[in-house]
Amino acid sequence: MRARRLRATPAWRRLVRETHLEPSRLVLPLFVREGAEHPTPIASMPGVVQHSLDSLKAELHRAATAGIGGVMIFGVPEHKDAEGSGATDPDGILNVATRVAVAEAGNALVVQTDLCLDEFTDHGHCGVLDARGRVDNDATLVRYRDMALAQAEAGSQLLGLSGMMDGQTAVIRAALDQAGRTDVALLAYAAKYASAFYGPFREAVQSSLEGDRRTYQLDPANRREGALEVSLDVAEGADIVMVKPAMSYLDVLADAAASSPVPVWAYQVSGEYSMIEAAAAHGWIDRERAIDESLVGILRAGADAVLTYWAVEVAERITRA
Ligand code: PBG
């Protein structure tokens, strides 16, 4: 048997290719900064900015034209407090940006919102703290419930539950259903690991976190626990489950893809983006080939869609080719 026969020409390789990079499988994360008049570059993520509401509109049009699947919006508020009150304020930046996104591109793109408190709390944790300074799971669920209702009201079509509190998917699904919002879907960040690869994101959202998230995000050493979290979120009513980060967790992703009855997505996070950009800027790797290979690898491992900061660039390049 000679396997090389099927690799002989570009036409052969295209015909027998198993995994396809398609614009519709890419989702672009977007940062929107309260009070910003112009887009602000993020130093550790070359090519990514904190948007103003005006530059957000322009980016949404570009994303819709490129044919990507959707956008995931993150808010960067001007003021933070212990409860993260900006997250539930209808005039808070995330809810305002969501209304803008739905009005501009809600038919062409699935508009998604990050549902977590870390951008809005002065201590930078994903939840509220108890008297001893620990993240209080059940008190946080009350905040998440209110945040979900505010995001649904702003028009979000898919809530990205990224806080890693126990029971968050069930509580939010019940609250939405009770409010008559059975139309709003839930993307559960089921297997979200306590990762060093979120480093640049902390600059992107101007996080005030000191310390780490190891009491609520998963230990990078644990594979079985990732599968457990996926099954819990599916049982609690998740419409889609997420594995995050992507490249260092392809085994967890493959497990989820094999067992999940709902779509499985992966988040190629800020550090994964910055590593490739930095190496490419030094001329150490071929930038476009490395980007495409990283995305194909994530799809090949079993992701149905990928959140990636290169979504629009890659979609435009695929469409041009
Ligand atoms: C939490 C959240 C984080 C990211 C997405 N949602 C940060 C964290 O958990 O510390 C990271 C995304 C990235 O690094 O690109 N709201």
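Mentor: A polar contact is a pair of N or O atoms within 3.5 Å; within protein, one must be able to donate a hydrogen and the other to accept it, and sequence neighbours count only if both atoms are side-chain atoms. This is a predicted model, where local features need pLDDT of at least 70 and side-chain atom pairs 80 or more, while totals for chains, interfaces and linings use all residues. Residues are numbered from 1 along each chain as its sequence is written, and side-chain values use heavy atoms, leaving out hydrogens and water.

Trainee: Okay, how far is a ligand nitrogen from the Glu119 side chain?

Mentor: There, a nitrogen of the ligand is 3.3 Å from a side-chain N or O atom of Glu119.

Trainee: And what's the distance for Ser162?

Mentor: A ligand nitrogen is 3.5 Å from an N or O atom in the side chain of Ser162.

Trainee: Which part of Ser270 faces a ligand oxygen, side chain or backbone?

Mentor: The backbone: one of the polar backbone atoms of Ser270 is 2.7 Å from an oxygen of the ligand.

Trainee: Which residues come nearest to the ligand?

Mentor: Asp118, Arg202, Lys244, Ser270 and Tyr309, out of 17 residues around the ligand (a heavy atom within 4 Å).

Trainee: How does that shell divide by residue type?

Mentor: Seven residues are nonpolar, three polar and seven charged. Tyr counts as nonpolar here, and Gly as polar.

Trainee: Switching to the records, what does UniProt list as "binding site"?

Mentor: The unreviewed UniProt entry lists Arg202 and Arg213 under that name, and its "binding site" annotation also covers Ser270 and Tyr309.

Trainee: Where do Arg202 and Ser270 sit?

Mentor: Arg202 is part of helix H6, residues 199-204, and Ser270 belongs to helix H9, residues 270-281. Helices (H or I, at least four residues) and strands (E, at least two) are DSSP runs numbered from the N terminus.

Trainee: Now the backbone: which residues does the cis peptide bond join?

Mentor: Lys244 and Pro245, with omega at about -10 degrees. Pro245 lies in the loop between strand S8 (240-244) and helix H8 (250-259). Lys244 is also one of the residues that come nearest to the ligand.

Trainee: Is the phi of Met164 positive or negative?

Mentor: Positive, at about 60 degrees, although Met164 is not a glycine. You'll find Met164 in the loop that runs between strand S6 (158-161) and helix H5 (168-178).

Conventions. UniProt positions renumbered as here; feature names shortened; annotations may be inferred.
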